[in-house]
Amino acid sequence: MRRILLALIFASATLAPAQLGTVPQQTLDCIKVLLAQERSWNAGDIDGFLTGYKDSPETIFVSRGVHKGFAELADNYRRSYPTKAAMGTLSFSDFDVKQLDENFAVVLGRFHLERKKQDGGNAEGVFSLVMEKTDAGWKIVVDHTTS
């Protein structure tokens, strides 16, 4: 009887599900911004996508060059993606959020852009973002994207 009881205890201990942790609200709020951007992009709404960025002359976008200021960033997006076909279908993945303090976070992730060849072809890469908690919610203040 004792062996059976020990076997049951051992079996239940090894089959127990792993402990689930909680994700901080700040982390969820940062990811929500990116998921909203993804939805806007895929709807062809570039202005909706841009609301994820802080509308400031201090906002920085780094890709093939350094673009300073929200206005330059917005103009660059509108020029590079003039149609829904050129925008294609965007997906983000592999988020890794590091809270720096209550007002700033770094977000790492991957993007994949699916488009027809005549519209620019597929693209994918990684990004690192610095996000700031503002009165309007979490906003991207630095975006470094590579493809």
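This is a predicted model: local features need pLDDT of at least 70, side-chain atom pairs count only at pLDDT 80 or more; totals for chains, interfaces and linings use all residues.

Modeller: Residues are numbered from 1 along each chain as its sequence is written, and side-chain values use heavy atoms, with hydrogens and water left out.

Biologist: How do the rings of Trp-41 and Phe-49 pair: stacked, tilted or edge-to-face?

Modeller: Rings of Phe, Tyr and Trp (its six-membered ring) pair if their centres lie within 6.5 Å, and planes under 30 degrees apart count as stacked, over 60 as edge-to-face and the rest as tilted. By this rule the count comes to ten aromatic pairs. For Trp-41 and Phe-49 the centres are 4.9 Å apart and the planes stand at 65 degrees, so the pair is edge-to-face.

Biologist: Is Thr-145 buried or exposed?

Modeller: Buried means under 20% relative accessible area, exposed over 50% and partly exposed in between, with a 1.4 Å probe and protein chains only. Because its relative accessible area is 15%, Thr-145 is buried.

Biologist: Which side chain makes a polar contact with the side chain of Thr-145?

Modeller: A polar contact is a pair of N or O atoms within 3.5 Å; within protein, one must be able to donate a hydrogen and the other to accept it, and residues adjacent in sequence count only if both atoms are side-chain atoms. At 2.5 Å, the partner of the Thr-145 side chain is that of Asp-143.

Biologist: Is Glu-114 buried, partly exposed or exposed?

Modeller: The side chain of Glu-114 is joined to that of His-112 by a polar contact of 2.8 Å. With a relative accessible area of 42%, Glu-114 is partly exposed.

Biologist: Which residues that line the largest pocket are the closest to its centre?

Modeller: On a 1 Å grid over the protein atoms alone, a pocket is an open set of points where a 1.4 Å probe fits, with protein on both sides within 12 Å along at least five of seven lines, and lining residues have an atom within 4 Å of a point. The largest pocket has a volume of about 590 Å³, a volume being the space filled by probe spheres set on the points, which are joined across faces, edges and corners. Of the 27 lining residues, the closest to the centre are Phe-61, Ser-63, Tyr-77, Tyr-81 and Thr-145.
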